[in-house]
Amino acid sequence: MYKGFSEENNWTESLQQNEALLRELFKNDDTIIYRHFENQFNSDLKFAAIFSSGIVNNEIINENIILPIVANNIRLTDKVKLIDVLKNQIIISNDITKTRELDNIIQAILNGNTVLLHDGASEALIINSKDWPTRVISEPENEKGSLGPREGFTESLLINLAMVKRKLKTHELKFKFRVLGSRSQTKICICYIEGLANEAILAELETRLDKIHLDGILDANYIVEFIKDAPLSLFKTVGNTERPDVVAGKLLEGRIALILDGTPVAITLPYLFVEYFQTNDDYYNSFFIASITRIIRLFSFILTISAPAVFLALTAFHQEIIPEPLLLSISLSRQRVPFPTIIEALILGLVFESMREAGVRASSNIGTSLSIVGALILGQAAVDAHFFSAPMLIIVGFTVVAGLMFPKLSGASMILRLILLFFAALMGIYGYIFALSGLFIHLFQIRSFGVPYMSPLNSLNFQDLKDTIIRAPWWYMEYRPKFIGALNRIRQSNGDRKLEKKLR
Amino acid sequence: MRKNYAKFLFLPLIMIFLISGCWNYREIEGLAIVAGIAVDRGIHHKYLATMEIIGFKPGQESEIESKLVSGEGDSILEAIRNSYNISGQMGYFNHTRALIISQDVAKMGILPITDLLFRSPLIRVSLAILISKEKTAGEVLAARSLNQPIKSFQICEAFAVQQKALSKTAEIKVFEAVNAMGGEGTDLFLPTVGVISNQGQPTMELSGMAVFQQDKLVGLLDGEESKYVLFIRNKVQEGILLENMDREANATLISFKILKNQTWIKPVLAKGKPGVKIAVKTTVDIWELDSPLNYDSEQDRKMLKSQAEKELQANILRIVRKVQQNYGTDIFGFGSQFRSQMPELWKEIKPEWRDYFTQLKVAVKAEVEIQKSGMAIKSLKVED
Amino acid sequence: MPKEFITERQGLNMMVLFIIGSTLVVGVTDAAKQDSWLSVILAIIMALPMLMLYARIVHLFPGQDIFMVIHRVFGRIVGKVLSLFFVWYAFHLGVLVIRNFSEFLSEISLTETPQYLIQLVVVILGVWMVKGSIEVLGRWTSFVFNIVLVIIIGICLMAFTETNFANFTPMLYGGFRPVIDGAYSIFSFPLAETIIFTAVLSFLKPGANSYKVYNRGLWIGGGILLAITLGNIGVLGYPFLSTQYYPSYITVSLIDLGTFFRRFEILVAVVFLLCGLVKVSICLFCTANGLAKIFNTHDYRVLLAPVALLNVSLALFIYPSMQAMFEWVNVYRYYAIPFQILLPLLIWICAEAKLRLSKTGAIEKD
């Protein structure tokens with residue numbers, strides 16, 4: 001990686017030379033601290049601790065590295081090398097390694113470890129002293145739930161893993177580390193439960209990860225776009241979440257999770273279409289309410305992509321199927337509106353989308369005034385001035401509100417809405433049906449790591465629908481979803497409905 | 001190379017949207033929604049079509065108003081199209097609810113009109129066809145309507161009221177008219193609409209029916225007569241039955257409210273001659289009595305029942321006679337009863353059915369079941 | 001590429017949608033007037049042995065479609081010629097469906113939109129669907145099937161409220177001849193058109209039963225046809241029904257539940273769109289697949305787009321007018337005899353003979 005320096009002969013026994021080498025590498029990087037010190041009993045023993053300030057724990061360096069070395073009377077024997085004495089007897093640390101590799105040393109410094117050199121040794125000690133400021137664990141903004149666990153992932157990989165580990169205390173839960181990105185050296189971790197996760201999917205994931213040669217991986221999405229099955233599709237075939245409880249739930253279903261360092265977003269896969277409509281709240285809420293809200297969500301999705309298109313098709317092509325009272329009131333409201341319906345829909349869509357985007361970007365205290373100006377004043381004025389017709393305003397407004405239900409789908413639904421609108425403008429409701437058919441053909445074509453994306457909606461048999469359109473009670477979901485290809489389908493050892501009866 | 005093709009693919013795709021944008025695209029506010037059509041004899045051409053268009057009064061608080069526009073032509077379509085010259089708007093016929101035909105036109109035959117109606121994909125076959133009792137059909141559309149600003153819609157509401165409260169006429173939709181005209185052993189009748197003076201202003205009124213032979217108008221029946229036609233056709237749902245009771249030389253008028261009615265027609269072959277037996281079963285309530293007489297004894301009730309039955313039978317028979325003698329057209333659908341119940345006989349008599357019909361022996365058996373007398377135990381006796 | 005499979009259920013759903021596809025709006029023949037519904041029942045019974053024969057052909061050579069079967073039974077040269085016949089039938093059927101499709105849409109609503117645009121869109125969707133694989137078609141169909149079924153059941157229930165039972169009388173007024181006549185028409189269009197499925201059901205999952213697919217498909221599809229026919233006669237009645245090209249559409253337009261819930265006819269169009277798309281896709285698949293076998297092309301997908309474009313071109317000028325299209329229905333019943341009855345019979349007899357003669361059986365050979 002670091003051309004020219006990785007040859008071993010550059011690394012000598014001289015502290016001075018070695019330090020000079022590092023200083024050359026880290027030229028113009030003033031955060032690297034080179035701390036020289038000696039043993040108080042034997043000033044011939046010269047040491048240097050090299051670390052990057054800001055990402056190290058000063059206390060560890062002071063108390064556990066420098067203090068023992070300076071204060072202890074180190075007895076040297078011929079048998080044991082000084083470096084081993086340091087490693088085994090002097091330095092107090094839970095993670096300490098000996099290395100001769102320059103690469104490792106450089107990485108260690110950059111990762112916040114302390115490198116200890118001493119004069120006369122060709123090896124260095126890498127002592128774990130990582131400590132950088134992390135965000136406290138808080139509830140994720142985008143995936144709020146009214147019930148259930150509140151914690152969300154942070155930017156620290158180890159803390160994230162800890163959160164998952166704490167939920168699944170089994171030795172079958174595996175964490176495989178990899179490093180991706182030649183410059184960012186991002187650590188990623190593949191989590192799965194052995195015996196549940198499909199080996200074929202795991203192998204497929206590994207090969208796809210092997211193909212990534214980007215120099216910097218800053219967020220989960222960098223990877224997502226690489227490993228996604230249908231790269232040009234609007235739909236995600238890889239899921240992401242900020243919640244450890246969601247990750248744990250997916251792992252239990254036999255899915256695989258990918259947790260990255262430096263981002264609070266974990267990736268889960270395979271990801272199916274229905275997962276857009278499953279929220280963590282569903283599982284913590286009463287199954288009646290959860291089922292109803294899930295149906296509402298599905299329904300809203302269809303509405304949010306098709307309301308403007310259907311409205312346009314009905315008012316501009318198929319006036320015959322609008323009942324007279326409605327026809328007259330729509331016609332009345334459009335009386336002095338200058339724009340054709342399609343243009344009206346496009347402009348209003350643009351206005352609402354920009355308002356939504358402004359709401360996301362603007363600081364939160366402007367948000368309220370934004371909504372007042374946007375929704376109330378602009379809307380009212382536009383209708384009064386006969387700029388836009390009230391029905392269209394209602395339709396587009398509703399569309400946008402319904403779209404807020406699926407933050408993960410917002411981009412896709414916006415584009416779908418446009419496509420459907422265009423086809424509706426072309427051939428009315430038939431164009432809309434054609435476009436919708438096309439959408440479904442596409443959805444039925446794509447797969448997520450070999451699993452058909454639309455499963456289990458394509459078979460619509462009841463056993464598989466328990467956790468899709470509705471959320472069945474927990475005691476009723478005896479099996480893991482078949483379509484994930486889980487090896488071990490039985491989730492509850494003995495159908496818990498029996499237990500239910502016993503309890504009664 | 002591949003990439004270049006992809007670029008060119010976008011062109012036709014964009015073109016599709018750009019060029020095609022508006023084939024069938026028509027803005028809703030640009031439609032002249034035609035609520036009703038009236039067809040008359042024209043002065044210069046064969047037909048004069050008057051269309052009632054739903055218009056919007058300009059102003060901040062826009063309101064719906066009815067506008068009339070007419071055109072002449074040698075065919076109905078031409079007449080309608082010629083009216084666009086005046087209105088400057090294309091008519092939109094999918095919400096057309098009523099078609100009123102003047103008697104002159106109906107006498108010439110309504111086949112061209114019904115043909116237009118069931119041929120055009122733009123017109124719904126649930127459109128109601130009516131005959132104007134006035135001189136022209138346009139008059140009806142020009143009259144005032146009370147409830148709805150749109151007169152043709154008012155007609156449809158009136159039909160609903162007829163069905164619920166009066167049964168003096170019935171709505172005939174295009175496909176029903178076609179079935180009646182084209183079907184074997186049945187002739188067409190259509191509801192009639194007229195103009196009467198209400199509070200000094202001409203207002204439209206729905207009542208009575210027009211009798212057709214094939215597709216040509218042959219006569220009109222008034223509302224009372226139509227009711228008995230509907231009795232025979234088993235189309236009475238609710239309504240009022242007025243009975244004159246001759247009781248001890250006291251003429252008494254009783255209003256019954258019809259609760260439900262069922263009619264059976266049975267074709268019979270008596271002595272080689274076809275005949276028809278009509279059985280009517282009506283359930284009624286007493287709603288109005290114009291004498292202090294009470295019908296609370298068993299005997300009285302029986303008498304009332306038999307009187308009412310007799311009266312109903314006589315009325316039904318009278319209308320059958322009238323149609324048989326005056327018009328000779330089978331608006332009761334007796335022939336179709338022969339056809340469905342005695343198909344072999346029907347095949348024989350079919351060619352001369354019209355003759356058979358005028359000679360047809362009709363026997364009516366009515367059964368009136370008086371259920372309740374309202375909230376009153378008895379009627380009030382006026383004392384000094 | 002792993003072998004594609006469709007499940008028994010998907011096969012069944014495809015067959016049902018295929019059967020009701022165009023018949024849904026065009027309506028069954030009205031030769032027997034108010035007894036048409038008897039014709040439907042009779043046609044189902046007539047079609048049963050024929051469809052069982054098709055199923056037998058599929059069953060004899062599991063995993064091999066009709067083109068492979070023909071090749072094996074008749075050898076290379078004769079096999080190719082006979083395959084060409086079937087390819088033509090599938091291709092022509094596709095053309096008819098596409099034309100039907102665009103004619104219907106342009107009649108009821110898209111009066112000014114050029115028909116080729118509608119045809120093009122349909123065909124593009126069909127190609128897209130089949131290009132995925134037969135699996136995609138299967139999944140899509142069984143997804144759509146539920147929607148279609150709900151709509152049809154809803155329509156039939158609502159139509160029931162408008163039914164006039166006098167329309168069904170008198171039964172057998174015109175005698176039994178027109179009923180048989182109508183039954184044969186219904187047999188040839190659409191029931192026996194399922195001969196196409198001999199090229200599709202070879203993709204059934206191993207262990208699935210082709211008889212079951214054909215049998216149930218016939219009864220469910222035929223049942224829906226029967227329900228639609230009953231509804232049309234009950235609501236509209238004769239002679240009005242015989243004046244209309246698209247009776248179901250008119251029937252549904254008459255449904256009236258209160259002042260607001262009316263005008264459901266668009267649903268008929270939607271159902272027709274969905275079923276028609278399935279039918280077009282199956283025809284496309286069949287044609288491309290057969291051509292691929294004839295030309296020894298490895299992948300039928302390459303041929304899909306050309307076949308589709310040819311379909312559209314032919315569909316544009318195959319009929320000069322709508323009247324001609326409906327006239328063709330009367331010719332079709334004779335035209336279809338060789339494809340629906342003679343050829344399958346021949347193939348079946350030869351296949352059985354061949355299998356009997358080579359005692360080892362063809363199944364083990366592969």
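Buried means under 20% relative accessible area. The model discussed here is predicted.

Q: Is A:Cys191 buried or exposed?
A: The cut-off for a buried residue is under 20% relative accessible area. A:Cys191 has a relative accessible area of 0%, which means that A:Cys191 is buried.

Q: How many disulfides does the structure hold over all chains?
A: C:Cys275 is in no disulfide, and the nearest cysteine sulfur, in C:Cys156, is 13 Å away. C:Cys275 also counts as buried, at 0% relative accessibility. Over all chains, the number of disulfides is 0.

Q: What radius of gyration does chain B have?
A: For a compact globule of 384 residues, a value near 21 Å would apply. The C-alpha atoms of chain B occupy a box of roughly 100 × 65 × 55 Å along the principal axes. The radius of gyration of chain B is 27 Å.

Q: What share of the contacts in chain B between residues at least 6 apart in sequence joins residues at least 24 apart?
A: Chain B contains 12 helices and 13 strands, and 49% of its 384 residues count as buried. Of the contacts between residues at least 6 apart, the share joining residues at least 24 apart is 66%.

Q: How far apart do the centres of the positive and negative side chains of chain B lie?
A: Chain B carries 48 positive and 45 negative side chains. The centres of these two sets are separated by 7 Å.

Notes: Residues are numbered from 1 along each chain as its sequence is written. Chains are lettered from A and ligands numbered from 1 in the order in which they are written. This is a predicted model: local features need pLDDT of at least 70, side-chain atom pairs count only at pLDDT 80 or more; totals for chains, interfaces and linings use all residues. Side-chain values use heavy atoms; hydrogens and water are left out. Helices (H or I, at least four residues) and strands (E, at least two) are DSSP runs, numbered from the N terminus. The radius of gyration is taken over C-alpha atoms; the globule rule is 2.2 Å times the number of residues to the power 0.38. Buried means under 20% relative accessible area, exposed over 50%, partly exposed in between (1.4 Å probe, protein chains only). Contact means heavy atoms within 4.5 Å. Lys and Arg count as positive and Asp and Glu as negative; His and the chain ends are not counted. The place of a charge is taken as NZ of Lys, CZ of Arg, CG of Asp or CD of Glu. A disulfide is a pair of cysteine sulfur atoms within 2.5 Å.
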